[in-house]
Protein chains: 2
Amino acid sequence: MAPRKKPEPDPKGTSPVSMADLARELGVSLTTISRALSDHHSIGPAMKQKVLKLSKKYNYQPNRLASALRKGKSQLLGIVVPYIEGRFFPSVVHGIETAARKAGYNVIICQSNEDVAQERRNLDTLLSAQVAGILVSLSRTTHDFQHFEKVRSRGLPLVFFDRILEGDKVNAVVLDDQEGGYISTRHLLSQGCRRIAHLAGPQHLNIYKNRRQGYFDALREAGLPEDESLIVYTDMAQQSGAEGMRQLLAAANPPDGVFGAGDYCALGAMQEARRQGLRVPEDVAICGFSNETFTVVTEPTITTIDQRCEEMGQAAVRLLLEVIETNGSAYTPRQVVLRPELVVRGSSTRFLDAGAGPVAAPTVESADPADA
Amino acid sequence: MAPRKKPEPDPKGTSPVSMADLARELGVSLTTISRALSDHHSIGPAMKQKVLKLSKKYNYQPNRLASALRKGKSQLLGIVVPYIEGRFFPSVVHGIETAARKAGYNVIICQSNEDVAQERRNLDTLLSAQVAGILVSLSRTTHDFQHFEKVRSRGLPLVFFDRILEGDKVNAVVLDDQEGGYISTRHLLSQGCRRIAHLAGPQHLNIYKNRRQGYFDALREAGLPEDESLIVYTDMAQQSGAEGMRQLLAAANPPDGVFGAGDYCALGAMQEARRQGLRVPEDVAICGFSNETFTVVTEPTITTIDQRCEEMGQAAVRLLLEVIETNGSAYTPRQVVLRPELVVRGSSTRFLDAGAGPVAAPTVESADPADA
DNA sequence: TTACTTTACACAATCGATTGTGTCAAATTG
DNA sequence: CAATTTGACACAATCGATTGTGTAAAGTAA
């Protein structure tokens, strides 16, 4: 191996200072440096000061690799998401990164591209990177937890968020979709709607089933019947929402309110209504779901349900850190359910309803279009 | 220290297999295992096979920390972005992660939150994580490269993207905004517009200055005069775009085309025009800039300039890897300039113009609203 | 003053993988 | 057949930080 000389401060500037350098300079042992820096009790205050001063002077940066190797744990958290696009995942990741950093962790990101095989590889990568814990939102093609066994058997803390598999005892953070459907529908009721339609999503997906259930709950509570003719099943796309609306409006007794299971189909519905000369919200009030970015730029702006993306990220990190800290001691898997938030905007505001919750409030942190 | 026993396969499942385990099992030296796995020539094919088989059997995962520590370089790339929100940065990060993974690297993400101090801390973190290279898009409060000296002095490859500081010899990937303004304006001309207005952005920012310049270039090329009365300076917000449009339409000779320096202000302009009873694109054609997500859901959809977010990420990684590979050997900083792409949509399509470029094409990879 | 605790630090092993240098035997060459 | 090359593997140092144990000296209690 090439011998490496270490002249005192830093000749080419290429070599980062190590604890050994500090030790040599101070004429003390490596141990002393290490313990001084980690504020160990067996180091005198005077020595601590000296070490600290010197480390500042040479701008000492601990080598995390070495530290992690020795301790068997790094200060890294692994994230596996289907992809980093759209509104949802970037926001959650944003929340995760922020919370993680606050706790002294860095995050390493992996995309599964909706592919189980890739997801499996991601896990292997994270394992070999010796992360301290893993946060996962499952790919669409994931139907079992098999490949997570490896993680679990290593005793690595694991937390799922948003996309989880039902029926397994795992740590998870999810949104209460049923509550979302409920408050959305209640809001429409509070605006005077009496015939509220629902643009539903594919019912084999829990989130959509739950949103619909919340819708039913609110209707029942208000003493209104469940009218299947007021429910249109869509694929959640804008186009599909428009078609659904056309269908609803063609009926004998058209709705005066629409709760869309997503913002895209709600938008489609709103556009169709206006094309047919209806006023929104006067003739028909509309609520969406997800608080997509575009909901603040349409005319009128769209009332929707915010999914608390950032909070989800933060909650996931909190949960993960808890598991990390209780280090293996028979931690019981816990599920955190986030309460969705109604964001009232123009598409449903027939009159200024006191206590209708926060109005508008842009949710994207930097709506500043000057980014790029 | 607590002594650690290592029974053969894996008792509690908690201990990952190391090369030492394999060596013991095969009765060979650690060296042999290491070299067999890295396909070193001094290991016989028979032995290589045996080692490989055993490593599969025990599902051996190399400890990257150890490897990186020894080699002095990890397989990690650091990313520093202002934040992970909106359309632009997530997409770039997506591109970066994809390209990096393809090259066998993982990415670790940091947000500066538009704060130089945080940016500085991010760099320190990445340095101590021993990343192999760093990708940076500067925070808005960054006005000098001072804190990057530390990185440079360590000989760490560094590539900037999108947000860079002018006049410094650095590796960077940026978008050709001038070209964007040019093709956008040319497109409007090709649609028969003759009085093309421009909703300009703050001119102290290069990107906006360049977009305006491209606009001028196209006008000049078409033999049209630079008419300052056709330029309105906005803060890029939707509201501001609407006001600009109002102003333009109130003038004696209103425009028949508008090139907005951003999608938000273009949207505002379009809405204002329609409010005043004008038809888009028939009476006034409109182009935006950035290919924001909402541009595909408006009525009509908005013609815009795509900033090649993903390509930018990929290009940045390519450049970084180049620098990493030419490892310090006096690499001359290089700038990659990406060509923006015109995305023709409804707001400017007066007649189907042959050769007008790709039509529509949703750019978000998963427009599937079922994410969450 | 003797015995016992602290205080303050050093030694040396260790985490897991990498790599320059040996070593020994088989293969090739003259 | 002796001499040299090549093949196949082991030794041991190393990356940088952590930590159990050891050991002086100083402080305290009896």
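Where in chain A does A:Pro281 lie? A:Pro281 sits in the loop between helix 11 (263-275) and strand 9 (285-287) of chain A, with helices being DSSP runs of H or I of at least four residues and strands DSSP runs of E of at least two, numbered from the N terminus. The model is a predicted one, in which local features need pLDDT of at least 70 and side-chain atom pairs count only at pLDDT 80 or more, while totals for chains, interfaces and linings use all residues. Residues are numbered from 1 along each chain as its sequence is written, and chains are lettered from A and ligands numbered from 1 in the order in which they are written.

Back to that proline. The peptide bond running from A:Val280 to A:Pro281 is cis, and its omega is near 10°. Chain B has a cis bond too, between B:Val280 and B:Pro281, with omega about 10°; B:Pro281 lies in the loop between helix 11 (263-275) and strand 9 (285-287) of chain B. For context, most peptide bonds are trans, and most residues other than glycine have a negative phi.

A:Asp39 is not a glycine, yet its phi is positive at about 60°. A:Asp39 belongs to the loop between helix 2 (30-37) and helix 3 (45-57) of chain A. A:Asp162 also has a positive phi, near 60°, and is placed in the loop between strand 4 (158-161) and strand 5 (172-175) of chain A. Burial is judged by how many other C-beta atoms, placed from the backbone, lie within 10 Å of a residue's own: 20 or more means buried, 12 or fewer exposed, and anything in between partly exposed. A:Asp39 counts as exposed because it has 9 such neighbours inside 10 Å, whereas A:Asp162 counts as buried because it has 25.

Stepping out to the whole chain, chain A holds 12 helices and 12 strands. Of its 372 residues, 51% count as buried. Residues are in contact if their C-beta atoms, placed from the backbone, lie within 7 Å. Among chain A contacts between residues at least 6 apart in sequence, 71% join residues at least 24 apart.

Now for the meeting of the two chains. Chain A puts 61 residues into the contact, and chain B puts in 61 residues. On the chain A side, helix 4 (64-71), helix 5 (88-102), strand 2 (106-111), helix 6 (116-128) and helix 11 each supply at least two residues. Helix 5 of chain A gives the largest share of that side, 8 residues. By type, the chain A side splits into 27 nonpolar, 24 polar and 10 charged residues (nonpolar: Ala, Val, Leu, Ile, Met, Phe, Trp, Tyr, Cys and Pro; charged: Asp, Glu, Lys and Arg; polar: the others, Gly among them). Strand 2 of chain A runs antiparallel to strand 2 (residues 106-111) of chain B, and 3 bridges join them; strands pair if DSSP finds at least two bridges between them. Here A:Ile108 stands opposite B:Ile108.

Just after helix 4 of chain A comes A:Gly72, with a positive phi of about 80°.

Conventions: Two residues are in contact if their C-beta atoms, placed from the backbone, lie within 7 Å.
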